[in-house]
Structure formats: structure tokens, C-alpha cells
Amino acid sequence: MSDGRRIVEALVVGGGPAGSATAMTLARGGAQVELIERQAGPHDVVCGGFLGWDALAALRRLGVDADGLGARPIARLRLASARRLVETRLPKPAAGLSRRRLDEALRNAAEESGAVVRRGLAARGGDPASLIVRMEDGSEIQAGALFLATGKHELRGLARPLDQRRRGAVGLRAAFAPGPKVAAALDGVIELHPFDGGYAGLLLQEDGQANLCMSVSSEKLRRSGGVRELLEALARETALLAERLEAAYDAAWISVGNVPYGWRASGCVPKLYRVGDQAAVIASLAGDGIAMALTSGMAAADAYRRGETGDRFQRGWSARAARPLRVAEGLRWAAETRLPRRLAMGAMGVAPGLAGLAARLTRIA
Ligand SMILES: Cc1cc2nc3c(=O)[nH]c(=O)nc-3n(C[C@H](O)[C@H](O)[C@H](O)COP(=O)(O)OP(=O)(O)OC[C@H]3O[C@@H](n4cnc5c(N)ncnc54)[C@H](O)[C@@H]3O)c2cc1C
């Protein structure tokens, strides 16, 4: 054993929703758990901040009170394309909450559950055979079981086996103070604006700011020449989006590249459990990534406690995520492609309940 190497029964790398849910569940089950998060404090994340009813149920199971964190209730879905507007009631109550607020609350809850949470420390790489993880400060941790929860980010030696030929989407997010008209229009609503090659999503978060997130093909963003140019082009296409974007041009954007929508992990290492986006990546317009992150974290911790291998857990989770991912991929294709989008918007104009059905089919059971 080299100097500075410690042994930890259960090591969780990444303190997003998946990592915190895992750490909390493991610690409550009596395991010795350490969670490593590279950010030192509360931080923004590329995410729409939409909590579906399955995410709210998962938070309740974890004992985290979304209302207490200021989550704003959402009851309606509004879909707005260049030609048509469809509005319908969501099948069940949902909410809007910034990830800055949610993730910090979850990390605190993991700590209160008995997990050691080390903030401001990044893991640099790991070895799947020995489960030794190297930290940026040069120390090493030998994990009895390793829970990989680094989300969209890869850890050297443990990277997801993604198809490198496929260019994933780019995710963008900004928050801005909406004018009174836009604030009133967004009250109680999740609004989605599909367009060729992507979509924009808008909701109000706990502080009254509008959370604007976008997913766009890297090709479209490149051709547009930048985020501002993309927003200007979209505003020219759609009057409603132009009104919504008015206050967004000078907002501070954060981004993430190459999001591999539709990808699912298959297992192979007995004591390695991938959770959240490391296990499966649902198309973001379905608004179910947080629910999947929380639920997979709890499921992986339960599997570990039962003595189930990471390999078996991974195959089970992949099967469980299959339907929501496939439906979400179909919806993403229809939303981002002109003719199918027109047909789908037309159908939902006649039967708005179809949008609610799509929302139901993309939830994780
Ligand atoms: C544009 C867009 C919009 C979205 N909108 C929604 C939405 O409205 N609702 C919804 O439910 N889902 C949404 N999603 C999906 C959602 O963001 C993800 O599914 C979810 O964040 C996955 O959680 P996670 O815990 O797996 O990963 P993450 O949330 O990415 O968390 C990973 C954590 O690991 C840390 N980390 C990374 N690398 C290291 C390292 N080497 N060492 C230590 N720590 C590390 C990071 O700092 C981070 O805190 C959206 C996604 C995109 C791209």
C-alpha cells in the first residue's frame, strides 16, 4: 500500500443528485461511506430544474422537502413551436427548483445521514480492477465498492464506453430576471419550445428567476456562430420565444458538450456501480434525469446492501430505464425534426392529452 492510500468501504465519486442519494441510502443502511465532490460549494448546473412527480416522490423517500427548499409548483405543460401552441395539464403535480439549491440540500442530507462528504476535491482517475481512485491532491482511496456518479463528466480509466463517432448534443443553461409579463406567463408552467435541431425549456425557479435551458445539436450551434447568434435566429422564427428571450441575451451561460442521449451502461465489474447519468442518459426534454439520478442512487445502494453485484445491478437498471429512454429518444427526434414536429403538434392540438401521455411514458417506474 502506498503512502496516503486509505481504505473506504463505499466510495461515491460525484455529489450531484445520484451521488448524494447513493451516499445517503448507504449511510442510513450502516455502511461506511465517503462522497467526493469536486466543487467546493453550491454551484449551478446545466439543467432545466424541472422536478417531475417521480422526482418529487424520490425526494420524499429520501426525506428531502422540496417545498421547504422553495420549489415552485408546476401544474401545466405548454408546448410552443413556430406555428402552434398547445397547453395541457400535467398528469400529476411537478415543480421548478434550481440545481444550486437542490444539490446542496442533498449533499447536506447525505452528511447528516452519516456519510463523510469531502467538497472541493476532484478524483483524477481510477482503476476498475483494483478500485483504487486517485485524487487531485495525490492521495489514493482503495474502495471496497465504488459508486460512480460523475454525471456528464468522465473519470480517466473509468470513462463510459461511448460511441466516439457520435457527436452528442450541447446543453446550455442561464438564469435571468423575467419581466412581469413573462413571469406571469410562466407561473405554474413548464414551457418547451422545440425547433430544428433542439429545444429551449423555461420555468420559474425558487427565487423568481427564469431558468432557461437549451439542448441543441453541436452542428446547429456551430453553424449559428455562438449562443447569442442562435438566440437571435430563434427569436426571428418564433414571436413567443422572442418575447421570452428578451432578458436572456446578456445572461451568464454555462454549457456542457457531447451529451450522449439514449446511452445506457451495461455492467461488467462486480463492485462498480454506475448511477445517474453514468448509468443512463435520458433526453433532457423529458425532464426526468433528476428522478433517474435519485432513483438509481437509491437502487444501487439497496443492491449493494443485498449483496448484489454491480454487474447485476447495472443490467437491471438498464432494463428498467429502457422504456423511458426509448420513448424520450422518439420524442426528441419528433421535436427536433420539422415534419414530425408539425404532425405531433397538430395531433396534440386536437388531443392535448397526448402530451400528458408522453410525460407519463418517460417517467422512471
Ligand atoms: C440541457 C439539459 C437540461 C436538463 N433539464 C433537466 C430537467 O429540467 N429535469 C431533469 O430531471 N433533468 C434534466 N436534465 C438531466 C439532468 O441534468 C441529469 O440527468 C442529472 O443532473 C444527472 O445527475 P447526476 O447526479 O448523475 O450527475 P450531475 O448532476 O452531472 O452531477 C455530477 C456531480 O459530480 C461532480 N463531479 C464530476 N466529476 C467529478 C470528479 N472527477 N471528482 C469529483 N466530483 C466530480 C460534479 O461536480 C457534479 O456535482 C437536463 C440535462 C440537460 C443536458
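**View 1. E308 counts as buried, at 18% relative accessibility.** The model shown here is predicted. Which residue does the side chain of E308 meet in a salt bridge? The partner is R306. The N to O distance is 2.7 Å. R306 counts as exposed, with a relative accessibility of 56%. The cut-offs explain the two labels: buried means under 20%, and exposed means over 50%. E308 falls in the buried class because 18% is under 20%. R306 falls in the exposed class because 56% is over 50%.

**View 2. Seven residues are joined into one salt-bridge network: R76, R78, E87, K181, E191, E243 and R244.** The links are salt bridges that share partners. How many salt bridges does a search of the whole structure find? The search finds 32.

**View 3. E136 and R124 form a salt bridge through their side chains.** The N to O distance is 3.4 Å. Where do the two residues sit? E136 is in the loop between β8 (132-135) and β9. R124 is in strand β7, residues 123-127. E136 is partly exposed, with a relative accessible area of 39%. R124 is partly exposed too, at 47%.

**View 4. A salt bridge joins R338 to D196.** The closest N and O atoms are 2.4 Å apart. R338 lies in helix α10, residues 338-350. D196 lies in the loop between β11 (189-195) and β12 (198-204). The pair therefore ties together parts that are 142 residues apart in sequence. R338 is partly exposed, with a relative accessible area of 46%. D196 is partly exposed as well, at 22%. Why is D196 not called buried? Buried means under 20%, so a value of 22% puts D196 in the partly exposed class.

**View 5. The ligand is surrounded by 38 residues.** The closest are E37, G48, R99, D277 and I290. Which classes make up the shell? The shell has 17 nonpolar, 15 polar and six charged residues. Four elements each supply at least two residues of the shell: α1 (17-28), β2 (33-37), β13 (210-217) and α8 (289-306). The largest share, three residues, comes from α8.

**View 6. P17, R99 and I290 each place an atom by an oxygen of the ligand.** R99 uses its side chain: one of its polar atoms lies 2.6 Å from a ligand oxygen. I290 uses its backbone: an N or O atom lies 2.8 Å from an oxygen of the ligand. P17 also uses a backbone N or O atom, at 3.3 Å from a ligand oxygen. How much of the ligand's area does the protein bury? Taken alone, the ligand exposes 1000 Å², and the protein buries 96% of that.

**View 7. T150 is found in a loop between two strands, β9 (140-148) and β10 (169-176).** Is T150 buried or exposed? T150 is buried, with a relative accessible area of 17%. The label applies because 17% is under the 20% cut-off. Which residues does T150 touch, leaving aside its neighbours within four places in sequence? T150 is in contact with V13 and Q278.

Notes
Residues numbered from 1 in each chain as written. Predicted model: local features only at pLDDT ≥ 70, side-chain atom pairs only at ≥ 80, totals over all residues. Heavy atoms only, no water. Near = heavy atom within 4 Å. Polar contact = N/O pair within 3.5 Å; in protein donor to acceptor, adjacent residues only side chain to side chain. Areas by Shrake-Rupley, 256 points an atom, 1.4 Å probe, with all protein chains shown as cover. Nonpolar A, V, L, I, M, F, W, Y, C, P; charged D, E, K, R; others polar. Buried < 20%, exposed > 50% of the residue type's maximum accessible area, 1.4 Å probe, protein only. Contact = heavy atoms within 4.5 Å. Salt bridge = Lys/Arg side-chain N within 4 Å of Asp/Glu carboxyl O.
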